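Colleague: Hi! Could you walk me through this one?
Modeller: Happy to, let's look at it together.

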Protein chains: 2
Amino acid sequence: MKAVVIYSGGMDSFTALHTARDKFDEVHAVSFNYGQRHGKELQFAHAVCQMNDIPHQVVDVRSINSLIQGSSLTSNIKVPEGHYAEDNMKQTVVPNRNMIMLSLAVGYAVSIGAENVVCGAHAGDHDIYPDCRLDFFAALNRATMIANYTPVELHVPFIGMTKGEILSHGSTLGLVAQDYKWTWTCYNGREKACGKCGACVERQESFAQMGWKDPLDYEDSEFWKQAVANG
Amino acid sequence: MKAVVIYSGGMDSFTALHTARDKFDEVHAVSFNYGQRHGKELQFAHAVCQMNDIPHQVVDVRSINSLIQGSSLTSNIKVPEGHYAEDNMKQTVVPNRNMIMLSLAVGYAVSIGAENVVCGAHAGDHDIYPDCRLDFFAALNRATMIANYTPVELHVPFIGMTKGEILSHGSTLGLVAQDYKWTWTCYNGREKACGKCGACVERQESFAQMGWKDPLDYEDSEFWKQAVANG
């Protein structure tokens with residue numbers, strides 16, 4: 001059985017990639033360049049796929065930004081700081097992003113004869129992103145099973161897990177903290193991770209929950225504690 | 001209520017555009033440039049929107065062709081001739097095309113505050129394209145209703161109609177045969193419509209069923225009769 005993994009280059013999809021390799025015979029990775037200011041994650045994704053001999057496609061979908069607007073991830077709006085649970089995190093929503101990425105990944109799966117698409121969406125995304133919830137994936141799966149001559153099944157192995165639990169699951173696959181130095185999470189694409197955006201806050205919280213030292217360097221490695229307390 | 005119409009420039013989506021204008025307060029059109037050899041349809045779409053004062057977006061999605069392969073509509077494979085019911089028409093399938101276009105249109109709808117997306121898929125497509133069938137749209141609609149903060153409803157007003165019935169419906173909106181000179185159907189993008197591809201055959205059949213003279217010029221305006229007899 002073959003699978004296509006939607007691989008952003010972050011810690012969740014990195015773990016999803018390893019989960020898929022454990023489960024399926026052949027794994028292909030696909031990443032999307034949608035003009036995210038944290039385009040650095042794509043470099044990390046590429047490096048990981050090279051190291052692991054995983055075929056990797058980066059699809060340039062920047063042209064759709066003329067159509068779909070309104071997210072601080074692809075515009076000049078400042079990325080909000082703090083915990084995901086806060087209302088200002090809604091600024092990071094790209095309208096219908098997951099459905100778009102999943103529909104492209106399913107098209108790719110059909111093209112290469114893969115029966116499965118894996119997405120690393122997790123419980124921590126639920127508050128902010130409606131298209132990261134189980135009922136959305138379940139509904140979309142009913143469509144992907146009948147949209148083409150061959151059914152494609154969607155897999156969201158982390159849909160009920162926090163980021164901390166994803167790390168814990170990664171450890172059962174043999175992953176260690178240092179492996180995550182090849183993952184990029186920060187919404188700002190600077191040299192060091194900012195430590196203050198929602199993604200950085202949640203990442204640092206998850207490493208603390210796991211009792212691991214995060215191998216990434218942060219501009220501010222203390223901010224997250226207060227943000228979690230406020231969140 | 002606002003609606004986004006997926007507008008290819010063909011006769012079905014042209015009629016869908018007019019149907020949407022009849023039903024909704026504000027209509028926006030979106031077309032996709034996926035490198036189709038019949039790119040001429042986009043020029044027709046643009047002209048119609050200009051004449052009717054309809055905001056029109058053309059989205060360049062050619063970059064996804066590196067990901068999704070295998071259709072004669074976007075490659076060097078010759079477009080097959082004859083009736084749609086024939087097996088060789090499967091060559092015209094772009095993997096997961098409708099889900100991709102619908103997911104982009106839904107993203108656009110969310111961006112502009114539209115609650116509806118209209119697609120002109122019809123009964124004649126069912127044999128060949130799984131993603132033109134009602135059960136697919138019904139499943140996908142359950143996903144688009146919950147994928148974003150605001151629900152988006154999919155409308156497929158022609159899903160139970162043949163192309164002939166679509167023309168008949170168009171006539172109830174006041175459209176006449178001559179209005180369809182601003183629609184392009186042929187899968188080949190030459191000066192005249194070829195008359196022999198599946199799209200041309202079906203179009204000519206539908207005009208005959210309606211008792212209308214097709215205002216388009218054809219390279220071969222007789223071929224379709226034999227193809228329908230064989231189909």
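Colleague: How many residues does the contact take from chain A and from chain B?
Modeller: The contact takes 35 residues from chain A and 35 residues from chain B. Two residues are in contact if their C-beta atoms, placed from the backbone, lie within 7 Å. Do keep in mind that this is a predicted model: local features need pLDDT of at least 70, side-chain atom pairs count only at pLDDT 80 or more, and totals for chains, interfaces and linings use all residues. Residues are numbered from 1 along each chain as its sequence is written, while chains are lettered from A and ligands numbered from 1 in the order in which they are written.

Colleague: How do helix 3 of chain A and helix 3 of chain B run, roughly parallel or roughly antiparallel?
Modeller: Roughly antiparallel, because their axes cross at roughly 170° and angles over 145 degrees count that way. The two axes come within 9 Å. Axes are lines fitted to C-alpha atoms, for helices over the stretch in contact, and angles run from 0 to 180 degrees between N-to-C directions. Among the residues making this contact are Met99(A), Ile100(A), Met99(B) and Ile100(B).

Colleague: What rotation superposes chain A on chain B?
Modeller: A rotation of 180°, with 0.0 Å of shift along its axis and an RMSD of 0.0 Å. The two copies are thus related as by a two-fold rotation axis. Superposition is by least squares on the C-alpha atoms of residues with pLDDT of at least 70 in both copies. The same surface serves both copies, as 100% of the contact residues of chain A recur in chain B.

Colleague: New topic: how many helices and strands are in chain A?
Modeller: Chain A has seven helices and five strands, in the pattern β-α-β-α-β-α-β-α-β-α-α-α along the sequence.

Colleague: Which way does helix 6 of chain A lie to helix 7 of chain A, roughly parallel or roughly perpendicular?
Modeller: Helix 6 (residues 198–210) and helix 7 (residues 223–230) of chain A pack at an angle of about 95°, with their axes 9 Å apart. That makes the two helices roughly perpendicular, a label for angles of 65 to 115 degrees. Trp224(A) of helix 7 is one of the residues making the contact.

Colleague: What share of chain A is buried?
Modeller: Buried residues make up 53% of the 231 residues in chain A. A residue is buried if 20 or more other C-beta atoms lie within 10 Å of its own, exposed if 12 or fewer, and partly exposed in between.

Colleague: So where does Asn33(A) fall, buried or partly exposed?
Modeller: Asn33(A) is partly exposed, because it has 14 other C-beta atoms within 10 Å. Asn33(A) sits in strand 2 (residues 26–33) of chain A, and among the residues that Asn33(A) touches are Gly39(A), Leu42(A) and Val58(A).

Key. Helix = DSSP H or I, 4+ residues; strand = E, 2+ residues; numbered from the N terminus. Parallel < 35°, antiparallel > 145°, perpendicular 65-115°, else oblique. Lists of a residue's contacts leave out its neighbours within four places in sequence.
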